[in-house]
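Work through the exercises below with the structure open. Try each task before reading its solution.

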Amino acid sequence: MSAETKPRAGTDLLDEINRLRKEKNAIILAHYYQTADIQDLADFVGDSLQLSQMAAETDADVIVFCGVKFMADTAKILSPDKIVVLPDMDAGCSLEDSCPPDKFRAFREKHPDHIALTYINCSTEVKALSDVIVTSSSAETILQQIPKDQKIIFGPDRHLGGYLSRKFDREMLLWPGVCIVHEAFSETELLKLKQQHPDAPVAAHPECPPTILDHADYVGSTSGILQFAETFTGDTLIVATEPHIIHQMEKALPDKTFIGAPGADGNCACNICPYMALNTMEKLYTCLRDLEPRIEIEEGLRLRAKKSLDAMLEMAAGTIGQGDLGKV
């Protein structure tokens, strides 16, 4: 740690974080893809939207979002009167990066008869250009409420959109974005792992490519995968999503074995999200101490983005955080 990131001499980093969160009336949120030490000190651990909703319902003055920027932005959209900070403002998302607002706007203008269902992994500006935001837990319910003859743009994740298109036989224009973490899984290496553990089911996130989903026994969001881990029969589960989620599984089910699906080199190292990894205990401490870097969103933009989030909540409130996209 540099001098700037050290707490006072003779004090423990965790003790200082706990002191500061009380002093500033702060709540600490951690996504399932954060490291174990951050998950264990957080007030809430969960999916991105679920965390933002939980924080909005508290009387906290400060939200420290240990995740990536679009998640902290969503928290600010839902809690405009709270201070929202992110340990590292460079913690972005390959899906958000794949969908620049100006290009998305131009794409929409070319297809004026289409509505835009947009995955929550996008910028505030893209949310403001969308009709309905979806999560991996709400997408099915929302899609089934849209008339068959309504043309749809789905972005920015082409794998999630493709999965929904195949499952419901719905033709959609897919924005060509991917998650670099889920794109890194190897079908060949997964098949080798399945040979080593023939009785182990595979749980996969729908951001994975079809070559991985085709071998999955369950497809769902992070919270859905956790629920599947608690109910599957057997003692071993292969998990095809960012491997830090396994920490929650091992805490809840210490007698079972959880194996991260491998990348092309036969291990999981390439499937650790480099953006999530930018958040550290030291950066968490300094952002809580300084209340920087801070999320700021212009009010008109916030309201336009909130409109698409509100449409989602109205259409699928009961599914948020459930994570169940069903068995394939």
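Two strands pair if DSSP finds at least two bridges between them. Keep that cut-off in hand for the first exercise. The model is a predicted one.

**Exercise 1. The sheet around E5**

Task: Which strands pair with E5, in what sense, and over how many bridges?

Solution. 
Step 1. Take E7, residues 151-155. E5 and E7 pair in the parallel sense over five bridges. Within this pairing, Ala-116 stands opposite Ile-153 of E7.
Step 2. Take E6, residues 132-134. Three bridges link E6 to E5, and the two run parallel. Leu-117 faces Val-132 of E6. Tyr-119 has Val-134 of E6 as its bridge partner.
Step 3. Check the cover on E5. Of the six residues in E5 (114-119), five are buried, and the strand is mostly covered.

**Exercise 2. The annotated cysteines**

Task: Which residues does the UniProt "binding site" annotation cover, and where do Cys-93 and Cys-273 lie relative to helices and strands?

Solution. 
Step 1. Read the record. The unreviewed UniProt entry annotates Cys-93, Cys-179 and Cys-273 as "binding site".
Step 2. Compare sequence with space. The three span 181 residues, yet no two of their C-alpha atoms are more than 9.3 Å apart, so they gather at one spot.
Step 3. Cys-93, Cys-179 and Cys-273 are included in the lining of the largest cavity.
Step 4. Locate Cys-93. Its loop runs between strand E4 (83-85) and helix H5 (94-97). Buried means under 20% relative accessible area. Cys-93 has 9%, so it is buried. Beyond four places in sequence, Cys-93 touches Phe-70, Asn-121 and Tyr-275.
Step 5. Locate Cys-273. This residue sits in the loop between strand E12 (257-260) and helix H15 (281-290). At 10% relative accessibility, Cys-273 also counts as buried.

**Exercise 3. The cavity**

Task: How many cavities of 30 Å³ or more are there, and what lines the largest cavity?

Solution. 
Step 1. Count. There is one cavity of 30 Å³ or more.
Step 2. Size it. The largest cavity holds about 350 Å³ of space.
Step 3. Name the lining. It has 31 residues, and the closest to the centre are His-31, Met-71, Tyr-119, Asn-121 and Glu-207.
Step 4. Assign elements. Helices H3 (48-56), H4 (69-78) and H10 (180-183) are the elements that give two or more residues to the lining.
Step 5. Sort by class. The lining has 15 nonpolar, 14 polar and two charged residues.
Step 6. Connect the exercises. Tyr-119, one of the residues closest to the cavity centre, bridges to Val-134 in E6. Asn-121, also among those closest to the centre, is touched by Cys-93.

Conventions
Residues are numbered from 1 along each chain as its sequence is written. This is a predicted model: local features need pLDDT of at least 70, side-chain atom pairs count only at pLDDT 80 or more; totals for chains, interfaces and linings use all residues. Side-chain values use heavy atoms; hydrogens and water are left out. UniProt positions are given in the numbering used here, feature names are shortened, and annotations may be inferred rather than shown by experiment. On a 1 Å grid over the protein atoms alone, a cavity is a set of points where a 1.4 Å probe fits but cannot get out, and a pocket is an open set with protein on both sides within 12 Å along at least five of seven lines; lining residues have an atom within 4 Å of a point. Helices (H or I, at least four residues) and strands (E, at least two) are DSSP runs, numbered from the N terminus. Buried means under 20% relative accessible area, exposed over 50%, partly exposed in between (1.4 Å probe, protein chains only). Contact means heavy atoms within 4.5 Å. Grid points are joined across faces, edges and corners, and a volume is the space filled by probe spheres set on the points. Ala, Val, Leu, Ile, Met, Phe, Trp, Tyr, Cys and Pro count as nonpolar, Asp, Glu, Lys and Arg as charged, and the others, Gly among them, as polar.
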